[in-house]
Amino acid sequence: MAKGDLELVKLTKRYGSTVAVEAIDLRVPAGTYCCFLGPSGCGKSTTMRMIAGHESVTEGDIILGAQNVTDFAPARRGTAMMFQSYALFPHLTVLDNVAFSLKMKGASKTERYAKARAVMELVDLQRFETRMPAQLSGGQQQRVALARALVTDPGILLLDEPLSALDPFLRLRVRTELKRLQRELGISFLHVTHGQDEAMALADLVVIMRDGRIEQAGSPQDVFHRPATGFVARFMGGHNVLTLEGRPVSVRADRVRLGAGTEAARTLSGEVRGVEYGGATVTVVVAAGEGGEITAVIPEEQFFQSPAHLGESRDIHWSRGDEFALSAA
Ligand SMILES: Nc1ncnc2c1ncn2[C@@H]1O[C@H](COP(=O)(O)OP(=O)(O)OP(=O)(O)O)[C@@H](O)[C@H]1O
């Protein structure tokens, strides 16, 4: 394995009778932006904490580069973690906060300040080096936390919901920054999020967890276009999950069209239950008998060529090539 490659082998964490993480296997090649996605309590944070060494492993292994780091202390792993709460020292300046871990490692003052300043430049913090954390905005505090994690030159940076405390505008800006930083540094970022949009925008590799297991791992396109299970399809959104001829399938809502299709297409009909104007697209919900309620996202212009109205009966169709079998509904 190359330096910076991460491999989890049957990684398991039990708290008494609670299984938080259950025998997960995962490979994250060096230089990957990897997002862990899943509902609350599915084991994302526990997985991150085990990788960082802040949580003991019940069973299984964590391999980083050529080393099995399962039982290594956090500082010896070559990983760094940025916490949700930022955990800055309130009585230290920004510069001393960033340089802190180098001080712990015994670096000289000249050496640690030089390194800290270089990292602060990377995250655009130079102007704030003499400020105290309380004199910074939330976004600036977060950049200090980021600089503090990066100052140790980690091979992997772990981020547990790094954007959740920011307002929507700042979230988007910091998101772009994180991606740029990851590209520039060429290391892997492992990023826990609740947000599908965030994962799709950032990740090279999306890992969707459910009840302590990995439900699907793949590129954003893979996971969105070909969800493996009904859970993934519903969680990612934008999909219809239905049972056709006795088997569960997914069909993207933006592939469903109004009107009857050709013989090769699948056409269903039913009552229009919802019409919602969304600007560039219009969302139409049709109760299509055995198919259940099917959502179609239609480009605005197409919709207005033959608008659907609540309560009327309409055909809908999609190409059979857009139906994907699911391994579980
Ligand atoms: N210290 C602990 N002791 C007992 N159970 C725990 C502990 N930490 C986590 N758990 C349990 O392990 C499971 C996974 O928790 P974890 O925090 O990893 O989930 P998560 O996916 O990160 O959730 P969230 O998105 O809400 O942060 C949950 O059922 C949780 O209650």
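Which residues touch the most other members of the largest nonpolar core? The close-ups below come from a predicted model.

**View 1. The largest nonpolar core.** Leu 157, Leu 158, Val 206 and Val 207 touch the most other members of this 86-residue core. Helix H4 (residues 138–150) gives the most to the core, with six residues. At least three core residues come from each of domain 1 (6–225) and domain 2 (244–325).

**View 2. Helix H4 and what covers it.** H4 has 13 residues. From first C-alpha to last, H4 reaches 18 Å, close to the 18 Å expected at 1.5 Å a residue. Ten of the 13 residues are buried, so H4 is mostly covered. Among the buried residues are Gln 141, Arg 143, Val 144 and Leu 150. The cover includes strands S6 (79–82) and S7 (156–160).

**View 3. The hairpin of S11 and S12.** Strands S11 (residues 239–244) and S12 (residues 247–252) run antiparallel, joined by six bridges. Leu 244 has Arg 247 in S12 as its bridge partner. Two residues lie between the strands of this hairpin. In the turn, Glu 245 has a positive phi of about 50°.

**View 4. S12 beside S18.** S12 also pairs with strand S18 (residues 323–325), in the antiparallel sense, over three bridges. Here Val 249 stands opposite Ala 325 in S18.

Note on methods:
Residues numbered from 1 in each chain as written. Predicted model: local features only at pLDDT ≥ 70, side-chain atom pairs only at ≥ 80, totals over all residues. Pairing = 2+ DSSP bridges. Helix = DSSP H or I, 4+ residues; strand = E, 2+ residues; numbered from the N terminus. Core = buried A, V, L, I, M, F, W, Y, C linked by C-beta atoms within 7 Å. Buried ≥ 20, exposed ≤ 12 C-beta atoms within 10 Å, placed from the backbone. Domains from an automatic or database assignment. Expected span 1.5 Å × (residues − 1). Contact = placed C-beta atoms within 7 Å.
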